[in-house]
Amino acid sequence: MDVRPTARPDVLVAGAGAGVVLALTALRWDGDQGFATDPVGALALAGGAVATAVASTRLTSAARRSARCLSASLLAYLAAAAWAVGSGSALAVAIWGSAWIPRSCWPS
């Protein structure tokens with residue numbers, strides 16, 4: 001009997017999403033009132049990433065790749081937002097501003 005652990009993208013995304021939402025919420029409590037730290041928006045984006053990861057487990061391989069890429073890009077956007085708000089670095093803000101869906105995820 002083969003009992004190798006399998007990667008669960010939905011669980012990984014949920015954990016990462018929760019961490020980023022907590023970081024953004026902490027920045028909100030620390031005084032930042034910008035839209036990036038709005039808890040409702042952060043939860044909505046993280047929820048979309050989790051929903052897409054869950055859906056990816058039920059899709060064909062071509063659609064699965066696109067769904068997982070979308071999920072990863074939503075998390076990357078949230079992480080970039082937390083970095084930009086937390087550090088105030090010009091580089092972080094530039095990365096956050098361009099961190100939406102990367103074109104390399106979609107078939108040509």
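V50 is partly exposed, with a relative accessible area of 25%. This value comes from a predicted model.

**Exercise 1. Place V50 in the chain and find what V50 touches.**

Step 1. Find the element. V50 belongs to helix α2.

Step 2. List the contacts. Leave out residues up to four places away in sequence. V50 then touches V13 and A14.

Step 3. Compare sequence with space. V50 and G15 lie 35 residues apart in sequence, yet their C-alpha atoms are 9.4 Å apart.

**Exercise 2. Decide whether D10 and L43 are buried or exposed.**

Step 1. Recall the cut-offs. Buried means under 20% relative accessible area, and exposed means over 50%.

Step 2. Apply them to D10. Its relative accessible area is 14%, so D10 is buried. D10 sits in helix α1.

Step 3. Apply them to L43. Its relative accessibility is 53%, so L43 is exposed. L43 sits in helix α2.

Step 4. D10 contacts A53 and V54, with neighbours within four places in sequence set aside. For L43 and V21, 22 residues apart along the chain, the C-alpha separation is 6.5 Å.

**Exercise 3. Check the lengths of α1 and α3 against 1.5 Å a residue.**

Step 1. Take α1, residues 9-29. Its 21 residues should span 30 Å. The expected span uses one less than the number of residues.

Step 2. Compare. The end C-alpha atoms of α1 are 30 Å apart, which agrees.

Step 3. Repeat for α3. Its 27 residues should span 39 Å, and its end C-alpha atoms are 38 Å apart, which agrees.

Step 4. Look just past each end. G31 follows α1 and has a positive phi, near 120°.

**Exercise 4. Explain why the buried residues of α1 line one face of the helix.**

Step 1. Name the buried residues. They are P9, D10, V13, G17, V20, V21, L24 and T25.

Step 2. Look down the axis. These buried residues fall within an arc of 140°, so they line one face of α1.

Step 3. Turn to the other side. There L12, L22 and W29 are exposed.

Step 4. Find what the buried residues pack against. Their partners are α2 (39-56) and α3 (61-87).

**Exercise 5. Describe how α1 meets α2.**

Step 1. Read the geometry. The two axes come within 9 Å and cross at roughly 175°.

Step 2. Classify the angle. Angles over 145 degrees count as roughly antiparallel. Therefore α1 is roughly antiparallel to α2.

Step 3. Name residues on both sides. The α1 side includes V13, A14 and R28, and the α2 side includes L43, V50 and A53.

Step 4. Sort the contact by class. It has 13 nonpolar, three polar and two charged residues.

**Exercise 6. Sum up the chain: how many helices and strands does the chain have?**

Step 1. Count the elements. There are four helices and zero strands. In sequence order the pattern is α-α-α-α.

Step 2. Of the 108 residues in the chain, 31% are buried.

Step 3. Consider contacts between residues at least 6 apart in sequence. Of these, 61% join residues at least 24 apart.

Definitions and conventions: Residues numbered from 1 in each chain as written. Predicted model: local features only at pLDDT ≥ 70, side-chain atom pairs only at ≥ 80, totals over all residues. Heavy atoms only, no water. Helix = DSSP H or I, 4+ residues; strand = E, 2+ residues; numbered from the N terminus. Buried < 20%, exposed > 50% of the residue type's maximum accessible area, 1.4 Å probe, protein only. Arc of directions from axis to C-beta. Contact = heavy atoms within 4.5 Å. Axes fitted to C-alpha atoms, helices over the stretch in contact; angles between N-to-C directions. Parallel < 35°, antiparallel > 145°, perpendicular 65-115°, else oblique. Nonpolar A, V, L, I, M, F, W, Y, C, P; charged D, E, K, R; others polar.
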